[in-house]
2 protein chains.
Amino acid sequence: MNRGCVITKIQDMEKNKRTVTCGELRGKDNGKSIVLNGWVHRIREHGGISFINLRDRYGITQVVVDSNQYPQLAETAKSLRMEFCIAIKGTVRLRPDDMINNEMDTGEIEVEATEITVLSKSEVLPFMIDEVNKDGTPVIPNEDLRLKYRYLDLRTKRMQHHLALRSKVTLATRNFLYEKGFYELETPTFIKSTPEGARDYLVPSRLYPGKFYALPQSPQLYKQILMVSGFDKYFQIARCYRDEDARGDRQPEFTQIDMEMSFVERDDVLDLTEGLMQHIFKETMNVTLPEHFPRIAYDDAIELYGTDKPELRFEMKMQDGDFLSDIGSFQAFKDAVKEGGIKALVVPGVAEAYSRKKIEELEATAKIYKAKGLAWMKVTGNPDAPMLEGGISKFFEGKASEICNKLGAKPGDLLLFVADSKRKVACTALGACRTKLGKDLNLCDPDKWAFAWIVDFPMFEWNEEENKWDTAHHMFTMPQYKYHETLESDPGSVKGDLYDLVLNGYELASGSIRIHDPELQKRIFKIVGFDEAEGQKKFGFLTEAFKYGAPPHGGIAPGLDRLIMLMCKENSIHDVIAFPKNSFAISPMDECPSTVDQKQLDELHLKITE
Amino acid sequence: MNRGCVITKIQDMEKNKRTVTCGELRGKDNGKSIVLNGWVHRIREHGGISFINLRDRYGITQVVVDSNQYPQLAETAKSLRMEFCIAIKGTVRLRPDDMINNEMDTGEIEVEATEITVLSKSEVLPFMIDEVNKDGTPVIPNEDLRLKYRYLDLRTKRMQHHLALRSKVTLATRNFLYEKGFYELETPTFIKSTPEGARDYLVPSRLYPGKFYALPQSPQLYKQILMVSGFDKYFQIARCYRDEDARGDRQPEFTQIDMEMSFVERDDVLDLTEGLMQHIFKETMNVTLPEHFPRIAYDDAIELYGTDKPELRFEMKMQDGDFLSDIGSFQAFKDAVKEGGIKALVVPGVAEAYSRKKIEELEATAKIYKAKGLAWMKVTGNPDAPMLEGGISKFFEGKASEICNKLGAKPGDLLLFVADSKRKVACTALGACRTKLGKDLNLCDPDKWAFAWIVDFPMFEWNEEENKWDTAHHMFTMPQYKYHETLESDPGSVKGDLYDLVLNGYELASGSIRIHDPELQKRIFKIVGFDEAEGQKKFGFLTEAFKYGAPPHGGIAPGLDRLIMLMCKENSIHDVIAFPKNSFAISPMDECPSTVDQKQLDELHLKITE
């Protein structure tokens with residue numbers, strides 16, 4: 001592409017190296033001779049003067065080229081296009097008072113150019129950097145285009161901010177954990193394949209045809225072995241790999257802040273993690289988090305929010321509606337309550353706003369979570385004499401005051417109910433409606449950070465298909481001490497020493513105190529019917545390690561991608577990873593995965609089938 | 001295994017949690033009630049008192065159990081074995097004056113135990129932790145045994161030190177680079193396969209049968225794209241993967257401190273790296289490195305040391321011996337000098353110590369580097385009238401003074417020569433002898449840190465087999481500015497903007513200023529006969545990125561494993577990696593690589609051939 005008179009010979013950087021960045025000049029620098037390096041962000045001409053907004057990582061500086069004074073330079077300036085990478089030599093001068101731009105850090109000054117050197121040119125851009133809509137929000141091109149030209153997308157203010165924040169968060173994390181006596185230790189990427197749950201990614205071994213390394217789904221087994229090794233406090237900002245079906249913002253590889261500690265109990269891990277989050281938020285965003293995060297038992301979370309990742313930026317707890325089976329004539333409630341239960345949700349002030357159609361949308365949500373239906377009534381009348389209308393109100397004639405009283409509802413409120421012969425279905429289905437309402441009604445303050453711990457998870461859950469007990473999380477979780485005697489006799493009531501950290505409705509971290517006793521580990525294997533030979537083959541090296549004086553230990557692993565996503569108020573982790581795969585696990589930029597040379601396959605002794 | 005009366009029920013950590021570590025008690029703590037957690041390092045009985053050395057990451061504390069005072073506790077103490085993990089409750093007391101152990105940080109005190117709880121037992125150990133030879137050096141079991149029981153090996157003082165240092169070095173690295181304005185950014189592990197030189201490890205894609213991701217040999221292309229993205233200063237402590245044949249201490253995965261900067265020239269990268277090394281050595285070992293490291297041109301390094309990774313802890317430079325072809329009658333010298341040259345090395349004071357056998361060993365080394373032979377003479381006589389004896393001395397009768405004068409040799413010195421029609425062969429072969437002599441004669445002070453830069457590498461080297469030019473390093477290296485006009489006309493004389501950092505004879509880092517201009521990149525591809533279509537297929541996304549205003553940039557990547565190895569004065573990177581593979585790329589602990597389930601292969605649409 002011919003760009004006219006611009007010289008594009010490689011320039012000797014020694015002669016063109018910046019003396020300042022585009023973000024640092026201020027009024028006090030008036031008169032200084034400087035060199036800037038950066039990208040042409042915007043360029044416009046006005047009255048024989050070219051105005052170049054020059055951008056680098058640090059900011060934007062306005063450069064002016066006066067065609068009267070420097071006619072030849074003005075020619076060069078005219079040939080510049082957006083995103084040319086250039087060096088500017090010039091002199092700092094104060095802007096006239098009426099031209100001061102308080103929105104720019106460098107808005108007091110401009111640079112009068114005396115020399116322009118093109119370091120490299122740009123072709124016409126597939127999209128403009130930092131284009132904004134009329135309302136000031138950024139124009140965001142479609143994702144595959146952004147990922148194909150990721151180097152341009154990453155130049156935007158938004159992506160520069162997100163990755164800078166990510167960098168700062170990892171620094172804050174490391175400084176906090178080092179301060180607490182943690183070592184950062186690297187565990188291997190090439191490990192033994194021990195698939196449990198998700199699939200392992202495999203790496204064929206060329207030296208041992210037919211054999212494979214696996215990439216870790218997490219450093220779990222290795223960090224436990226580091227505890228057996230006496231390292232006491234370990235962390236790693238670790239890349240993890242899970243071969244799942246492509247969906248939403250899932251990534252084949254993701255990053256977690258992986259931690260493990262010896263000689264601790266649950267609250268040590270919780271306190272440490274709270275301290276870490278407080279430090280991260282304070283250091284990187286100057287946000288002060290509360291000293292302690294609420295700790296909610298799993299059973300309570302289900303009853304109150306219908307989920308173990310509740311959105312707590314708004315209250316609107318679910319309530320027990322079992323009393324309704326006694327006072328009304330609604331048969332579905334009477335049936336449900338025998339084995340299961342009735343959950344009730346008061347949605348304040350939306351009775352009028354919620355048409356039948358909108359309620360049907362909510363019902364559709366409830367049905368995704370296996371509810372048979374969503375019952376509803378609207379409260380009308382006045383506070384002293386409330387009335388119920390619509391939905392199932394006909395089954396509760398004359399009971400309006402009693403119901404409103406019990407549920408704390410008042411005229412204008414919408415009442416929602418799910419009843420089910422399985423209490424958990426009633427909880428989760430109505431909980432899903434609660435979550436949806438939170439979004440639909442904008443109940444979530446974007447500047448609020450609602451952390452909470454979910455604790456006391458069940459250790460086992462009943463697998464109806466296989467008619468046996470499964471571990472609810474992984475098999476290395478310690479059952480809470482008080483249940484050790486009754487593991488076998490009453491697995492259903494056993495609570496694990498497990499904890500999840502939730503933030504604004506997302507699971508941010510999951511952790512547990514681990515089993516460190518080979519005998520107890522065998523009991524767990526036995527309860528869930530995990531074949532001992534299979535266990536030996538897969539996890540033998542861990543149980544073997546436990547035979548040599550394993551310390552009590554536990555840990556947790558906050559997801560870094562999700563943490564940064566929430567901190568950046570984004571909806572997808574794609575927007576906080578430098579080079580993510582798209583939703584189909586493909587990188588549009590380098591087009592991987594791709595075919596490889598036959599020679600590579602031959603060396604690996606592999607053949608593609610089908 | 002029955003261990004007698006020891007209770008092994010899982011203990012409630014709340015009741016047994018340490019209040020202090022095993023490294024912190026001092027005389028001032030006398031009288032305190034404390035709880036310790038740790039491992040039984042040593043245990044002995046003496047006059048009815050059991051002495052337990054309890055160890056954790058922080059140190060060792062002596063615990064005493066008096067059978068007269070606590071007969072039942074003494075029974076428990078007797079049942080303890082090495083590496084049992086225990087909790088001790090007790091009282092700190094001062095040791096009697098004659099029992100103070102100044103070699104232990106906690107040597108002023110001991111803990112009088114009042115309660116012992118076994119947290120977990122240990123079977124008989126495959127090797128003892130921190131066993132020492134009679135001379136005080138550690139007993140180091142064979143590597144496969146150490147790697148199989150890595151969790152025990154990692155408990156040794158040596159390995160605890162090495163991994164703690166590694167952790168500290170990465171912290172120091174990060175703090176230094178953050179301070180300098182670098183962002184730590186993560187590049188993907190799943191990338192496109194672009195094998196050049198070493199083989200890529202491949203990861204089969206299940207979603208796209210027949211397609212593969214590759215694991216990065218380095219983040220090279222992606223860090224360059226981060227520069228195109230405007231991030232300006234990037235680093236990452238990055239895991240890299242190379243599928244090489246198993247040899248020495250090579251690892252399938254290794255770690256490098258990967259850095260890249262925009263708008264810089266060579267010396268900016270060198271200065272930064274020097275600052276980094278100074279900071280690391282000061283912060284972690286309190287060693288002050290010189291402000292600048294010597295910068296040696298590649299050609300000089302070859303002439304003086306015969307290698308681009310010279311061991312500089314001792315001088316003993318090679319000298320030019322071409323003058324010998326004129327003054328003697330040794331035909332091999334006369335032949336060699338026509339096209340090649342003669343290199344000479346004066347080895348001070350070893351004339352007597354070096355028997356013919358030892359010289360033959362040196363010759364064998366020279367021959368590995370393609371020398372036809374190693375010529376030698378011994379200087380005898382006295383300083384005023386030196387004489388030459390043995391070897392090729394008969395060809396230089398009457399020339400002893402002249403030769404000694406020219407080479408700065410004196411009686412007692414051994415003179416070594418390699419002559420070859422290829423000058424580089426003479427240099428490298430005699431240089432290898434120099435390196436071997438450094439080791440054999442203990443010329444390398446283990447407390448010395450001899451850093452140096454090797455610069456001005458040739459850009460291209462002649463490939464005799466294929467009769468064409470190759471790039472000496474990689475194809476993205478910028479040729480030095482002054483050669484840009486003569487790239488095609490005289491490739492052999494072109495120097496690249498390349499630099500290697502060497503430490504004590506090892507290449508510690510390699511870097512370069514990169515090409516950022518697509519046209520120049522095409523010229524390089526053309527000179528080395530790299531197919532443009534092939535280039536487009538493999539690196540198209542990088543050259544495409546360069547079309548949108550790529551900044552001048554360069555970087556470097558010190559190898560973390562090797563740096564730590566040298567700092568720990570070890571000979572193998574295996575000893576500074578938590579879980580390395582052995583020399584056959586196998587992990588004896590978890591036995592990977594391993595076979596996988598047929599189901600896993602089927603899902604990947606892969607079949608093993610042969």
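User: How many cavities of 30 Å³ or more does the structure hold?
Analyst: A cavity is a set of points on a 1 Å grid over the protein atoms alone where a 1.4 Å probe fits but cannot get out. Points are joined across faces, edges and corners, and a volume is the space filled by probe spheres set on them. The number of cavities of 30 Å³ or more in the structure is ten.

User: What kind of model is this?
Analyst: Residues are numbered from 1 along each chain as its sequence is written, while chains are lettered from A and ligands numbered from 1 in the order in which they are written. Side-chain values use heavy atoms, without hydrogens and water, local features need pLDDT of at least 70, side-chain atom pairs count only at pLDDT 80 or more, and totals for chains, interfaces and linings use all residues, for this is a predicted model.

User: Which elements give two or more residues to the lining of the largest cavity?
Analyst: The largest cavity has a volume of about 530 Å³. It is lined by 33 residues, lining residues being those with an atom within 4 Å of a point; nearest its centre lie Ile237(A), Arg239(A), Ile237(B), Ala238(B) and Arg239(B). Elements are DSSP runs numbered from the N terminus: helices (H or I, at least four residues) and strands (E, at least two). Those that give two or more residues are helix H5 (157–179) and strand E9 (233–241) of chain A together with helix H5 (157–179) and strand E9 (233–241) of chain B.

User: Which element gives the largest share of the lining of the second largest cavity?
Analyst: The second largest cavity holds about 150 Å³ of space. Its lining has 15 residues, and those nearest its centre are Arg239(B), Glu253(B), Thr255(B), Ile577(B) and Phe579(B). The largest share, three residues, comes from strand E10 (residues 253–262) of chain B.

User: What kind of axis relates the two copies?
Analyst: Copies are superposed by least squares on the C-alpha atoms of residues with pLDDT of at least 70 in both. Chain A can be laid on chain B with an RMSD of 0.1 Å by a turn of 180° and a shift of 0.0 Å along the axis. The copies are thus related as by a two-fold rotation axis.

User: How many residues apart in sequence are the parts tied together by Lys581(A) and Glu253(A)?
Analyst: These residues form a salt bridge, with the closest N and O atoms 4.0 Å apart; the term means a side-chain nitrogen of Lys or Arg within 4 Å of a carboxyl oxygen of Asp or Glu. Both Lys581(A) and Glu253(A) are buried (under 20% relative accessible area, with exposed over 50% and partly exposed in between; 1.4 Å probe, protein chains only). Lys581(A) lies in the loop between helix H16 (560–567) and helix H17 (598–603) of chain A, and Glu253(A) in strand E10 of chain A, so the sequence separation in residues is 328.

User: What does the pair Asp268(A) and Lys17(B) join?
Analyst: Asp268(A) forms a salt bridge with Lys17(B), the closest N and O atoms being 2.9 Å apart. Asp268(A) lies in helix H7 of chain A and Lys17(B) in the loop between helix H1 (13–16) and strand E1 (33–46) of chain B, so the pair joins two chains.

User: About how many helical turns separate Asp440(B) and Lys436(B)?
Analyst: The closest N and O atoms of their salt bridge are 3.1 Å apart. Asp440(B) and Lys436(B) are four residues apart in helix H13 (residues 423–440) of chain B, so the number of turns is about one.

Methods: 1 Å grid on protein atoms, 1.4 Å probe; cavity = no way out; pocket = protein on both sides within 12 Å on 5 of 7 lines; lining within 4 Å.
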